[in-house]
Amino acid sequence: MITLCIASLTGVLVCLSVIFKPVIRIGHFNIGTYWIISLLGAIFLLIFHQLPIKYLWNRIIEPTPVNPIKILILFLGMTFLSIVLDELGFFQFLANLILKRKPKNQIGLFIKLYFLVSILTIFTSNDIIILTFTPFICCFAKKAKISPLPYLFGEFFAANTWSMCLLIGNPTNIYLATMAHFSFFTYVQYMIFPTILAGIVSLSILLFLFHKVLKEPIENVEFFSIQFHKPMLILSLIHLIACILLLAISSYIEIEMFWIPLGFASSLFIICLVFSLIQKNGKLLKRSICRLPYELIPFLLAMFAIVLGLEYSGITEKIAEIFKKANPIFTMGITSFLSANIINNIPMSVMYGSILKTGIFTELEFIGGTYATIIGSNIGAYFTPVGALAGLMWLSILKIYDVQIRFKEFILYGAITAIPTLLVSLFGLWLVL
């Protein structure tokens with residue numbers, strides 16, 4: 001009971017902290033409270049002996065795809081590669097390149113972006129696409145003097161919809177599919193139809209929501225001269241492209257995903273260090289390191305600990321008994337969607353994996369419940385910013401570019417788009433099964 005109270009209170013307070021965005025000011029630094037709250041929740045579980053330290057440590061170092069350390073390495077490595085390119089002016093350069101073609105039709109531009117993000121997400125992952133495309137959209141919209149909101153929401157929703165299609169699209173896909181022993185082709189067989197339905201619905205709703213904004217012409221385009229170090233830009237771009245390509249085929253060549261961004265980020269770090277020493281100017285490396293989202297480290301580890309507390313106390317088994325009473329496709333799909341927006345989709349996937357492994361489900365219920373949870377973990381990302389680690393990172397990138405999206409605004413667009421998309425996806429899965 002103590003574990004459930006601590007977990008529930010932590011989840012509610014984290015959501016409230018994201019909504020009202022209270023910060024602790026120390027000198028020139030603003031420290032977010034959402035990760036402090038989650039960390040305190042985990043500490044209280046340890047203090048009240050609801051989670052043994054040895055049990056927590058063994059699970060943290062457990063060799064699974066959704067190991068929190070590996071996921072953090074993947075996120076921070078990819079983020080570093082993107083930040084360095086941004087500091088070198090690459091995304092501003094891309095924005096200039098497109099604007100020089102003088103596009104006039106925003107609707108056509110929006111649809112092209114949606115499909116480009118969707119296709120790239122299928123073969124890479126949602127997090128990678130969000131990290132690399134968000135700075136570009138911010139730069140492009142600023143220079144074109146148009147609202148970035150349709151494109152930002154279009155990018156974010158497309159990435160978190162089409163990431164369901166292949167096993168490699170999301171770390172939660174990899175974890176749950178591996179837990180269930182689904183093969184790559186078996187996964188595609190079940191998920192391609194729900195993903196297509198979800199993509200059609202989300203795109204249609206987005207066009208409806210933003211049709212007035214997208215009808216406005218693109219005019220008064222501004223171009224700024226961009227000066228960058230060409231050899232450094234080429235080297236950084238090679239690192240990012242090679243990293244994305246290897247991540248896309250990592251499951252085929254049997255290399256764990258986290259090793260790839262770790263290797264490329266380390267390589268680029270050394271190159272930036274040498275460049276700083278030669279130029280006698282460490283501004284590039286210093287800015288890139290300072291921009292990394294360090295707050296996500298304690299947040300993810302703390303939420304992972306809270307989920308393990310629920311598992312250790314036997315609460316997950318009781319939840320499984322409740323889910324058993326109804327169709328697991330809809331109960332697990334809807335509840336995983338909601339749970340992701342309380343504890344984040346990665347810890348949620350760990351918890352639901354434990355629920356599925358209790359052994360009380362039939363084979364068909366187990367298969368349906370697993371795929372439904374995968375759907376909830378992906379689409380849950382665009383209901384609230386708490387729903388996925390990428391959502392928190394997305395907002396942190398927007399803050400850097402002075403793009404303001406209020407929590408209420410996110411919830412409004414998220415709810416209108418996410419709920420129909422979720423229900424259609426689950427219905428599509430039910431038809432397939």
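Buried means under 20% relative accessible area, exposed means over 50%, and partly exposed lies in between (1.4 Å probe, protein chains only). The model is predicted: local features need pLDDT of at least 70, side-chain atom pairs count only at pLDDT 80 or more, and totals for chains, interfaces and linings use all residues. Residues are numbered from 1 along each chain as its sequence is written, and side-chain values use heavy atoms, with hydrogens and water left out.

Start with the aromatic rings. Rings of Phe, Tyr and Trp (its six-membered ring) pair if their centres lie within 6.5 Å; planes under 30 degrees apart are stacked, over 60 edge-to-face, the rest tilted. The count is 24 aromatic pairs. Select Phe258 and Trp259: their pair is tilted, with 4.6 Å centre to centre and 35 degrees between the planes. Phe258 is buried, at 9% relative accessibility.

Next, select Phe153, Phe156, Phe157, Phe210, Tyr382, Trp394, Phe410 and Tyr413. Together they form one aromatic cluster.

Now the cysteines. A disulfide is a pair of cysteine sulfur atoms within 2.5 Å, and the structure holds 0 of them. Select Cys138: its nearest cysteine sulfur, in Cys139, is 6.8 Å away. Cys138 is buried, at 6% relative accessibility.

Last stop: Ser288, in helix α15 (residues 283–290). Helices are DSSP runs of H or I with at least four residues, numbered from the N terminus. Ser288 is buried, with a relative accessible area of 0%. Show its contacts (heavy atoms within 4.5 Å). Leaving aside residues up to four places away in sequence, Ser288 touches Phe80, Ile83, Val84 and Glu87.

Methods:
Helix = DSSP H or I, 4+ residues; strand = E, 2+ residues; numbered from the N terminus.
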